[in-house]
Amino acid sequence: MDLFFSDLLYLILFSISLPIVMLIIYSRKSSNPNLPPGTLGWPVIGETLEFALACQRGNPAKFVKDRMNKYSPQVFKTSLLEANMAVICGASGNKFLFSNEDKLVVSWWQRSMKKILCFPSVFDETLVRDNFKPPTFLPRFLKPESLQHYIAVMDSMAGEHIKIYWSPRGEVKVFPMAKKYSFALAFRVFMSIADPRYVEMIYHPFQILTQGFLSVPIDIPGTAFNRALKASKFIHGELLEIIRKRKMELEQKGESAPRDLLSHMLSALHENGDAKSEMEISTQVICLLFATHHTTSSVITFILTYLAEFPDVYSKVLKEQMDIAKSKGPEGFLKWDDIQKMKYTWNVANETMRLTPPVQGTFREAITDFTYAGFTIPKGWKMHWNVNTTHRDPKYFPNPEKFDPSRFEGKGPQPFTFVPFGGGPRMCPGMKYAQAQVLAFIHNVVTRFKWEKVDPSEKVAYNPSPIPSKGFPIRLEPLQNESI
């Protein structure tokens, strides 16, 4: 977050030097009486600074809740990321946005975000089609029938990771370790790359990329945005080499070549029948790496946080995981059926995502004028749905600040109230992949260790995922009856 604020100074200095006429134009644009209630904040930066401060202080929900209470619990206007924006609130708001994908709204990514993620020659084309969609075949690749072949890989990689980085130490920092595991697993599953030295070479510039993702988009040396662009260029160069090597393998080996996600991408066609370019595939790969990296490692980290805080919850998870470990034996690997047996552990994961969501929400753009809750949303305006409008609402989750995995037993929460993976046509296609990855890792930790927090008062900031300020260090105590 310090990177964000250092860059933000540039933007603030620029904005306060704008001519007075800018203020006049800005106020006229904001005078439509049919717009949702709220404020657009300062010229150019809007309320981005207030939102960033709430995230840095570890309470992004406050930004949303304060405005819901002040203006409307259904929808309010603001200005974030250099865009006029309507924040659609509550379960009904979630349902409205998720149900009107490609009808009234399309997915929206800020220009600077796209510039960081996209291969440069794809950037202009992507700007034209702002519905920055994942590959159409991705849900098929990540569905249970396909994922079940990777469960043993997830299990073995988690076990090997813990053997190398955890077992020899009495203390570890969970968040950076979880990120390493998550990144290495993505390379193995998506591209069949298992060389740890090569993965490590890509891992470090990828961290620079993620740090600059929400930075102020000022491309001058020394800014987080500039460093992110350089890291993106390097990663895309490496991905192009991987893609070209795989194309040769597919041509020479045919069906005996790896049939992973990368091979699916190379065989997929546009709707008009044209093949995808290497640059497009590189962009899709880097987007997938970004989407799966911080989110799953964040969930893993905060599950372990809550298990350290609640011994009774830890005991129930331990029993469930030990029963599964005994059934598979010391030399066996997890299977898809074992993942399905981890019902209580997944309830713990869900409650973790309710209280400490790995993603705060995403953005949409209105493709036509429409009315919501009696207010006009003009074409071109951006919209934001945010998990905090429902996840901590006592109307949907009684005693919302209490950590209670039993909320997810039986039918679970009401529709559109628990939305860590979104919903509707844009439901995150990687949900089952994330579930399997998280549960395989938790299985390997819980069946080997007890642990305690080194710093019980460690603070958490959001950028955009929750980040423990010290990496969540824990002291490990190996289990005496370790069975695997």
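A: Phe 416 is partly exposed, with a relative accessible area of 26%. (Buried means under 20% relative accessible area, exposed over 50%, and partly exposed in between, with a 1.4 Å probe and protein chains only.) Its phi is near 70°, a positive value in a residue other than glycine. Phe 416 sits in the loop between S8 and helix H19 (431-446). Helices (H or I, at least four residues) and strands (E, at least two) are DSSP runs, numbered from the N terminus.

The model is predicted: local features need pLDDT of at least 70, side-chain atom pairs count only at pLDDT 80 or more, and totals for chains, interfaces and linings use all residues. Residues are numbered from 1 along each chain as its sequence is written, and side-chain values use heavy atoms, with hydrogens and water left out.

Glu 82 also has a positive phi, near 65°, and is not a glycine. Its place is the loop between S1 and S2. Glu 82 is partly exposed, at 47% relative accessible area. The hairpin of S1 and S2 has two residues between the strands, and there Leu 81 takes a positive phi near 55°.

Now the strands. S1 covers residues 75-80, and six of its six residues are buried. In a regular strand the side chains alternate between the two faces of the sheet. In S1 both faces are covered: Val 75, Lys 77 and Ser 79 are buried on one side, Phe 76, Thr 78 and Leu 80 on the other. S1 pairs with strand S2 (residues 83-88) in the antiparallel sense, over six bridges. Two strands pair if DSSP finds at least two bridges between them. Phe 76 stands opposite Val 87 of S2.

S2 also pairs with strand S8 (residues 382-386), here in the parallel sense, over four bridges. Ala 86 has Met 383 of S8 as its bridge partner.

What is the strand order of the open sheet? Its five strands run S1-S2-S8-S5-S3, with mixed pairing. S1 and strand S3 (105-107) stand at the edges; each has a single partner strand, so one side of each is left without a neighbour in the sheet. The twist averages 35° from one strand to the next.

Helices cover this sheet in part. Helix H4 (residues 60-70) packs on the sheet and touches S1 and S8; its direction makes about 135° with that of S1. Contact means heavy atoms within 4.5 Å. Axes are lines fitted to C-alpha atoms, for helices over the stretch in contact, and angles run from 0 to 180 degrees between N-to-C directions. Helix H5 (residues 90-99) lies across S2, S3, strand S5 (361-366) and S8, at about 130° to S8.

H19, which ends the loop of Phe 416, is also one of the elements that the buried residues of H16 pack against. Among the others are H15, helix H10 (151-165) and strand S9 (449-453). The buried residues of H16 include Val 313, Tyr 314, Val 317, Glu 320 and Lys 328. Helix H16 (residues 311-328) has 18 residues, which should span 26 Å at 1.5 Å a residue; its end C-alpha atoms are 25 Å apart, which agrees. The expected span is 1.5 Å times one less than the number of residues. Gly 329 follows H16, with a positive phi near 80°.
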